[in-house]
Structures are given as structure tokens and as C-alpha cells.
Amino acid sequence: MTAPLLEVRDLVVEFPTRRGVLRALDRVSFDIAPGEVLGVVGESGAGKSMTGAAIIGLLERPGRIAGGTIALGGTRIDNLSARAMRAIRGRRIGAIFQDPLTTLNPLLTVGRQLAETMRTHLAIDAAEARRRAVGWLEAVGIPAAAERIDAYPHQFSGGMRQRVVIALALCAEPELVVADEPTTALDVSIQAQVIALLRRLTREKGTSVMLITHDMGVIAETADRVAVMYAGRIAEIGPVRAVVKAAAHPYTAGLMASIPPLSHRVDRLPQIEGAMPRLNAIPTGCAYNPRCPHAFDRCTAERPELIDAPGSRAACWLFDTHAPRARADA
Amino acid sequence: MPDAPVFEARDLSRGFDVSRPALQRLIAREGRRTLRAVDGVSFAIPRGTTLSLVGESGCGKSTVARLAVGLYAPSGGRAIFEGADIAEARRSAAQRRRMGMIFQDPYASLNPRWRVADIVGEPLRAFGLASGAALAERVGGLLRQVGLSPADGARFPHEFSGGQRQRISIARALSSRPDFLVLDEPTSALDVSVQAQILNLMMALQRELGLTYLFISHNLAVVRQVSDRVGVMYLGRIVEDAPAETLFTAPRHPYTRALMEAVPDLDMAGRTRQPVGGEVPSPIDPPPGCTFHPRCPLANARCRAERPALIVARGTPGTLVACHAVEEGRDGAA
């Protein structure tokens with residue numbers, strides 16, 4: 001085992017509000033190995049984007065890290081000054097967001113944005129930066145890169161813009177890329193192109209990727225491991241094949257089953273009753289217990305930590321071999 | 001089909017004027033420009049069935065949805081509801097109450113200042129179908145029918161989650177006892193577990209009430225679950241029109257095949273999908289001939305010059321397809 005590149009331990013993010021403190025992330029822990037693609041999935045409000053924002057140091061105020069640590073390459077980065085974090089963002093951690101139009105500066109040509117990013121972080125001169133910028137546009141598959149380098153973001157289509165954003169995130173050769181819903185705004189045919197591109201480039205450079213998305217299909221074909229989030233906690237984490245094909249946590253199983261299959265028609269889609277709790281009303285014990293078909297008394301009383309389950313690790317008392325359990329359906 | 005279709009589109013077209021302002025046109029010496037969002041689309045939906053239109057953004061599927069309920073007037077062809085032109089049908093309140101629409105964004109389609117009971121009861125009041133205690137009774141029944149409680153009527157839309165709001169939209173659409181509903185991406189803004197709830201509800205209501213649906217979606221997997229018949233749209237035209245089962249088991253148009261190939265599936269773990277090359281061209285200036293030819297692996301000189309008609313596919317009699325390669329048997333299938 002090589003040392004992990006990113007180590008997140010017991011991360012807690014809180015939002016102080018007039019009606020009390022809301023806990024958006026509640027003791028989230030995971031690692032990303034060098035070169036690994038970790039998928040993070042969950043429904044809206046599960047905390048997946050919040051986790052990404054905490055790692056790149058872009059939590060929206062008044063949100064703040066209230067506990068735990070984030071370490072990159074063995075050094076803590078969660079307690080750095082804004083200035084020190086800026087030097088890491090872009091250089092060591094790249095970011096790709098859902099909407100390329102809000103990532104790109106509309107007033108600067110894409111070439112200038114690429115060149116400035118590289119010159120901020122790498123010791124190269126203007127001519128070299130421009131030469132590399134053309135190279136990056138070619139690498140992300142922009143036709144006639146040498147001419148398009150002086151074009152503005154609005155002169156590109158949505159899929160092409162997202163390619164530029166990928167070039168921008170990778171051009172300073174970071175060790176980790178946090179990609180938050182990178183293909184959600186794109187049509188399926190374009191989505192496949194962009195995912196293939198992201199995968200190829202990060203593999204070539206050995207870059208680690210944290211891929212945040214609600215689309216299990218994208219995770220299934222891209223990620224090595226996947227973390228499933230629910231109500232600000234990790235419900236299950238493990239190799240993508242195990243989690244997708246044989247989910248341990250009842251929430252993951254319910255989530256996978258509710259995805260309409262393309263391969264056949266079903267009479268009735270399996271559905272999870274109810275909805276994810278709001279942050280101000282998270283149940284005690286396991287946050288999923290009111291919706292869980294297997295819940296028993298311990299689930300309402302005590303919060304489960306991640307426990308070894310067949311194929312993955314799941315925060316579910318069903319897999320606790322050290323304590324007596326009583327499955328409601330057994 | 002012994003029964004007349006509830007809704008029929010006959011060579012339906014709709015263009016939008018996207019010209020620059022007059023002075024700029026004069027300076028640049030250019031004429032008016034029209035975007036043909038929908039270009040000669042024909043289909044019919046038999047009573048109690050679902051026809052889905054599927055395609056990528058800009059293919060014109062949402063424009064067809066708006067044409068179907070009369071929110072847009074066609075610039076060519078006809079949209080026919082129960083045998084009458086939609087504009088004519090909408091002049092009669094008795095006909096108008098028989099059609100409804102559900103939109104994608106349940107945050108934008110409900111008035112935030114109205115209580116849920118008023119939102120759901122509004123069509124009943126507007127059409128004079130109920131008032132007073134009978135109206136309250138009916139609203140309570142509708143809320144129960146979509147899986148909410150009658151007590152929810154006293155609350156405001158912001159107190160509900162996205163899925164519950166979409167249930168409110170469905171209750172409102174059902175309140176005037178319609179026969180025909182147009183659903184424009186009804187689950188695209190929802191999480192998957194909630195999407196399953198809404199799709200199950202829609203299908204149960206269709207069986208219960210004999211509703212006829214025009215379902216618009218970009219999601220092929222969702223379309224497969226709900227449809228009896230599917231039309232695949234590309235740049236304003238239907239390129240393939242087939243019974244749902246046939247479309248998914250024996251897709252014929254190269255675009256349909258590429259689209260299916262591009263969908264990420266859970267079975268994909270460890271596999272790479274084959275991306276379709278290129279992008280959807282601008283509908284303002286579509287390519288000549290078959291509009292898919294710049295991205296099509298089977299394109300030849302005829303495809304670049306001559307627009308293919310939507311005709312019965314060689315080898316798949318239930319399917320209509322607009323493709324020279326299929327017609328000439330060059331597609332390597334069937």
C-alpha cells in the first residue's frame with residue numbers, strides 16, 4: 001500500500017444560522033490514493049459538493065470546518081491561510097465545476113486564462129506558457145487549437161467549454177482534481193466524450209480524481225472506488241463494482257434499484273419511500289433509519305460507523321459481528 | 001386502430017425568428033434568419049397510451065410539447081386534439097380542461113404566494129367544476145391521489161421538497177379531469193430515488209384514469225420504462241419512430257444507436273462507452289441532406305445531398321426511420 005495522497009479524517013462542516021448550528025458534514029473520513037479515481041455519489045443535499053468545497057478551501061460562508069483534518073501528501077491543508085490555500089489551489093489541487101460559463105472568465109481569451117494559470121504556478125516564460133496552452137487545447141481535443149487559443153469562452157459550445165475547463169484544471173499538473181458534476185450540464189453524447197477525455201488525461205499524468213456526481217452510470221464507468229453519501233455522512237465506501245453490483249448498505253441498495261434500467265422494462269421501479277431528512281431534522285442513530293426496511297432498535301439509538309461488510313465498508317449495524325443484532329425481517 | 005387518436009401532429013413545424021435587429025441587418029446586408037425548431041413532425045397518440053419524444057438539447061422536443069397544448073401556434077402543419085385543431089379546441093373551455101401540462105422545474109411552476117390547496121383548486125374554479133365544500137373535498141382527494149395528505153393543502157410550496165412539489169404539479173394537472181397530459185421532462189430536476197416515486201405515480205395514474213401522455217425526455221432509460229411508442233428527434237425532425245420495445249431491442253437509425261451507446265449504464269463498470277463524435281450542429285444553419293450526416297459513420301454522397309424521408313424500415317416493419325443507409329441496406333443490420 002502506498003501512502004494516500006488525500007486523507008480526510010472526521011471532517012465536520014457547520015453552518016451557524018439564527019436557529020442554531022446546522023451540521024452539513026458529520027465526521028466524514030476517506031482516503032484517495034495517488035492516481036485513483038474516487039467517485040462520490042449521493043442525492044441533492046447529501047453533502048457531496050460540500051466535501052469537495054471543503055477540500056479545495058472554497059466553503060461558502062458562513063460554512064466552516066468545525067472539526068477533523070484534511071491532509072494532502074501528508075501535510076494538513078485544512079488550517080492554512082487563504083493566501084497559502086490559493087497557492088495550493090490550481091497548483092496541487094485542480095477544480096472542475098458543473099457550469100463552464102461560471103468557471104471561465106468571459107472577458108479573457110481561453111489562451112490567456114491557460115497561460116496565466118500556468119505562469120502563476122509554474123516557472124515558465126510567456127512564450128513557453130502560450131506554447132503549452134496550445135498543447136493543452138490540442139490535448140483536450142479542440143480542433144484548430146492554434147487559432148482557437150485567441151477565442152473567447154462564448155465562442156465555444158458547451159462541450160468545448162467544458163474541455164477548456166478540464167485543460168485549465170490540469171494545466172498546472174496538479175496531484176488531485178476535484179470534479180464536481182463535470183458532465184451534468186452536457187448532453188449524453190457530449191458527456192461520454194468529456195468523461196473519456198478526463199479519464200485518459202488523468203491516467204496519463206497519474207492524477208488522482210475526486211469525481212462528485214449524482215449519476216451512478218458515470219461513476220460506474222469512471223471510478224475505481226465509490227463513496228455513497230447520505231445526510232452529510234458516508235453510508236458506504238468501497239470498490240465501484242462491489243458497491244454497484246452488491247451494495248451492502250440498505251440505502252445504497254435502494255438507490256441502485258431505483259435507477260431505471262436501459263436494458264429492460266420493469267413493471268414498477270423499486271422506490272425508497274420518503275425523502276432525505278433536512279439538516280435541522282436528522283434522526284438520531286443512523287440517519288437512514290426512518291426509511292430503512294431493515295431498521296431495528298439499535299439503529300434509532302446509536303450511530304453506526306463504517307464497518308467491514310462483504311466487498312465494502314458500510315455504516316450499518318447489520319454488519320456488526322461483535323454485537324447481537326436483530327434484523328426486523330429475520 | 002379502431003379508436004381515433006387523442007392527439008395527432010401532422011407535418012407540424014415551428015420556426016423562430018432569430019434575426020438581428022433591423023439596422024444591423026441593413027449594415028451587414030443580411031436577410032431575416034429563422035430557426036426551424038420543429039420541422040415537419042408527424043405522430044399520433046392512441047387513447048390511454050404514452051408516446052415519448054427523446055433527443056438532446058436543441059432537438060425541438062420541448063417545442064413540440066408547447067405546440068401540443070397550444071402554448072405556441074404552429075408555423076406549418078397541424079396539431080390536432082380530438083379531431084380539431086388545437087387553437088380551435090382551446091377556444092372551448094370544455095375541451096381546454098381536457099388537456100394539461102407538467103413542467104420540468106417544480107420550483108418555477110408553482111406560485112410561491114399561493115397555498116397548495118389554492119394551486120390545486122384553481123383549475124376547478126377556473127372551469128367552474130366545483131366550489132365551496134365540494135371544491136375542498138375534491139382538492140383533498142387529489143392530494144391523497146398523488147401521495148400527499150389533505151392537510152398539506154394549507155401549506156406553501158416552499159415547505160415541500162422537489163419530489164413533493166412535482167406531486168403538487170401532478171395534482172393540479174389532474175384536477176380538471178384531463179384526458180391528455182403533456183409531461184416535459186417531469187423528473188429531470190429530481191433525484192433518482194424520487195424520480196422512481198414520480199414515474200411509478202404517473203404510470204399508476206395512467207392505468208387508473210386511462211390518461212394519454214406525451215412524454216418529453218432526454219433520458220433513454222426513463223423513456224424505456226414509461227413508453228408505448230418512442231420518437232427520436234434530431235434537429236427538429238423525428239429520425240426514428242417505433243414501438244418502445246422495438247426501438248430498444250432493434251434501433252435502426254445511426255443516431256438512435258449512437259445515443260444508446262453513449263448512455264452510461266450500471267453494467268458499464270470497468271467498460272468504456274463509445275462516444276458519438278462531433279456535436280449537434282446549429283439549428284439556424286443545419287447541414288444539407290440528412291442533418292446527422294456530419295456525425296454519421298454511414299454517411300455517403302446521397303446523405304449529404306438528399307433529405308431522407310421517414311419511411312418503414314427495411315427489416316423492421318413496426319419502425320419508421322429517416323435514413324438512406326437503412327433504406328439501401330447499408331447499415332449492416334436486419
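Predicted model: local features only at pLDDT ≥ 70, side-chain atom pairs only at ≥ 80, totals over all residues.
**Entry: two helices of chain A.** I looked up which residues join helix H4(A) to helix H7(A), and found that Val110(A), Gln113(A), Leu114(A) and Thr117(A) on the H4(A) side meet Val164(A), Ala167(A) and Leu168(A) on the H7(A) side. Sorted by class, this contact holds 5 nonpolar and 2 polar residues, with no charged ones. I then checked the geometry: the axes of H4(A), residues 110-121, and H7(A), residues 158-170, come within 9 Å and cross at roughly 15 degrees. Angles under 35 degrees count as roughly parallel, and H4(A) and H7(A) are therefore roughly parallel to each other. I noted the crossing of H4(A) and H7(A) as right-handed.

**Entry: the sheet of chain A.** I traced an open sheet of 4 strands in chain A, which runs E2-E1-E4-E5 with antiparallel pairing. Its edge strands are E2(A), residues 20-32, and E5(A), residues 75-76, each of which pairs on one side only. Between E1(A), residues 6-17, and E2(A) I found 9 bridges, and Val13(A) stands opposite Leu25(A) in E2(A). Helix H1(A), residues 48-55, packs on this sheet and touches E1(A), E2(A) and E4(A), its direction making about 75 degrees with that of E2(A).

**Entry: where the chains meet.** I looked up the interface and found 33 residues of chain B in contact with 37 residues of chain A. On the chain B side, H8(B) gives the most, with 7 residues, and the residues of that side divide into 17 nonpolar, 9 polar and 7 charged.

Definitions and conventions
Residues numbered from 1 in each chain as written. Chains lettered and ligands numbered in written order. Axes fitted to C-alpha atoms, helices over the stretch in contact; angles between N-to-C directions. Parallel < 35°, antiparallel > 145°, perpendicular 65-115°, else oblique. Left-handed = near helix turned anticlockwise from the far one by under 90°. Contact = placed C-beta atoms within 7 Å. Nonpolar A, V, L, I, M, F, W, Y, C, P; charged D, E, K, R; others polar. Pairing = 2+ DSSP bridges.
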